[in-house]
Amino acid sequence: MAVSNGEEMCPHRLVLEHVTSRWGVLVLIELLERPSRFSELRRAIGRVSEKMLTQTLQTLERDGLVHRDAKPVIPPRVDYSLTDLGREAAQQVRGLALWTNERMGEVHKAREAYDARKAESRT
């Protein structure tokens with residue numbers, strides 16, 4: 001697999017993008033609770049397309065954060081879980097998610113104040 005120029009220059013930045021992406025955060029937090037099958041993850045996360053969830057899981061697996069366990073049964077069964085590295089990353093992003101939840105009231109007030117100032121400056 002070819003390495004993009006951005007990855008050569010700043011590999012840590014690329015991993016940060018993967019971990020903090022819209023779907024990456026949700027996948028990591030969900031897998032922190034327990035291992036899941038693809039369909040369970042998709043239901044739990046909601047509004048994610050099959051394609052985006054597949055890409056996100058593959059990216060996190062490539063980065064060593066997610067383990068894909070394909071069982072040779074019929075019908076096929078694939079479980080996803082966090083590696084030790086993934087668990088560490090998930091705990092970090094969960095902390096940010098909890099902080100966001102706790103501070104949402106302050107964010108709403110700041111947005112309202114900003115919008116009021118912008119509306120005032122237009123008149």
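User: What should I know about the model before reading values from it?

Analyst: This is a predicted model, in which local features need pLDDT of at least 70 and side-chain atom pairs count only at pLDDT 80 or more, while totals for chains, interfaces and linings use all residues. Residues are numbered from 1 along each chain as its sequence is written, and side-chain values use heavy atoms, with hydrogens and water left out.

User: In what order do the three strands form the open sheet?

Analyst: Strands of a sheet pair through backbone hydrogen bonds, either parallel or antiparallel. Helices (H or I, at least four residues) and strands (E, at least two) are DSSP runs, numbered from the N terminus; two strands pair if DSSP finds at least two bridges between them. Here the order is 1-3-2, with antiparallel pairing. Strand 1 (36-37) and strand 2 (66-71) are the edge strands, each pairing on one side only.

User: How many bridges join strand 2 to strand 3?

Analyst: Six bridges link strand 2 with strand 3 (residues 77-82). Arg 68 stands opposite Tyr 80 in strand 3.

User: At what angle do helix 4 and helix 5 pack?

Analyst: Axes are lines fitted to C-alpha atoms, for helices over the stretch in contact, and angles run from 0 to 180 degrees between N-to-C directions. Helix 4 (residues 38-45) and helix 5 (residues 50-62) pack at about 110°, and their axes are 11 Å apart. That makes helix 4 roughly perpendicular to helix 5 (65 to 115 degrees; under 35 is roughly parallel, over 145 roughly antiparallel, the rest oblique).

User: Which residues meet where helix 4 packs on helix 5?

Analyst: Contact means heavy atoms within 4.5 Å. From helix 4, Phe 38, Leu 41, Arg 42 and Ile 45 meet Glu 50, Leu 53, Thr 54 and Leu 57 of helix 5.

User: Is His 18 buried or exposed?

Analyst: Buried means under 20% relative accessible area, exposed over 50%, partly exposed in between (1.4 Å probe, protein chains only). His 18, in helix 2, is buried because its relative accessible area is 17%. Leaving aside neighbours within four places in sequence, His 18 is in contact with Gly 24, Thr 59, Leu 60 and Asp 63.

User: What is the relative accessible area of Glu 17?

Analyst: Glu 17 is found in helix 2 (residues 11-20) and has a value of 48%, so Glu 17 is partly exposed. The C-alpha atoms of Glu 17 and Leu 32 are separated by 19 Å, the two residues being 15 residues apart along the chain.
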